Amino acid sequence: MNFILKIVLTAFAAFALASVLPGVEIVSISTAIWVAFAIAVLNMFVKPLLILFTLPATIVTLGLFLFVINAIIILLAANLVGGFIVTSFFSALLFSVLLSVFRSSLFKLLKDKKKE
């Protein structure tokens, strides 16, 4: 149940960000749910491999290369899900950073409500 709630929260955050950011478009809320699911699957399976292969670059940049990896995950999700359009690498980078901020704040609120 927690996984489904996280997917739904991520979908709403992605849909809201896509309506505000230039260069990112999500055509419907159902597409946003598929985008959230694709991002979750890519973060689970592809992201650890990318981190492993780019470990020297990540160490040299003191972890800043992880932003690039997140943008690559967003671009891969855009290629996998129809109706999710990202026009440039910079748009993907900005979208991934803002989505991470929104997701972490939403998940923190979710944890705080569970404690009460």
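Student: Leaving aside neighbours within four places in sequence, which residues is Thr58 in contact with?

Tutor: Before we start, note that this is a predicted model: local features need pLDDT of at least 70, side-chain atom pairs count only at pLDDT 80 or more, and totals for chains, interfaces and linings use all residues. Residues are numbered from 1 along each chain as its sequence is written, and side-chain values use heavy atoms, with hydrogens and water left out. Contact means heavy atoms within 4.5 Å. With neighbours within four places in sequence left aside, Thr58 is in contact with Gly63, Phe65 and Leu66.

Student: Is Thr58 buried or exposed?

Tutor: Thr58 lies in helix α3, residues 55–60; helices (H or I, at least four residues) and strands (E, at least two) are DSSP runs, numbered from the N terminus. Buried means under 20% relative accessible area, exposed over 50%, and partly exposed in between, with a 1.4 Å probe and protein chains only. Thr58 has a relative accessible area of 10%, so Thr58 is buried.

Student: Which residues does Thr54 touch, not counting residues up to four places away in sequence?

Tutor: Thr54 sits in the loop between α2 and α3. Thr54 is buried, because its relative accessible area is 19%. Not counting residues up to four places away in sequence, Thr54 touches Phe65 and Ile69.

Student: What is the phi of Leu62?

Tutor: Most residues other than glycine have a negative phi. Leu62 belongs to the loop between α3 and α4 (65–80), and its relative accessible area of 78% makes it exposed. Although Leu62 is not a glycine, it has a positive phi of about 60°.

Student: What is the relative accessible area of Ile29?

Tutor: Ile29 is found in helix α2. Ile29 is partly exposed, because its relative accessible area is 35%.

Student: What kind of pair do the rings of Trp34 and Phe37 make?

Tutor: The ring centres of Trp34 and Phe37 are 6.2 Å apart. Their planes stand at 85°, so the pair is edge-to-face.

Student: Where do Trp34 and Phe37 both lie?

Tutor: Trp34 and Phe37 are 3 residues apart, about one turn of the helix. Trp34 counts as exposed because its relative accessibility is 57%, while Phe37, at 37%, counts as partly exposed. Both lie in helix α2.

Student: What is the angle between the planes of Phe84 and Phe95?

Tutor: Phe84 and Phe95 form a tilted aromatic pair, 5.9 Å from centre to centre. The angle between their planes is 50°.

Student: How many residues apart in sequence are the parts that the pair of Phe84 and Phe95 ties together?

Tutor: Phe84 is in strand β2 (residues 84–86) and Phe95 in helix α5 (residues 89–115). Phe84 is buried at a relative accessible area of 3%, and Phe95 counts as buried at 0%. The pair therefore ties together parts whose separation in sequence, in residues, is 11.

Student: Which residue does Ala92 lie 5.9 Å from, C-alpha to C-alpha?

Tutor: Ala92 lies in helix α5 and is buried, because its relative accessible area is 0%. Leaving aside neighbours within four places in sequence, its contacts are Ala71, Ile74, Leu75 and Val86. The residue 18 places from Ala92 in sequence and 5.9 Å away, C-alpha to C-alpha, is Ile74.

Note on methods
Phe/Tyr/Trp six-rings, centres within 6.5 Å; stacked < 30°, edge-to-face > 60°.
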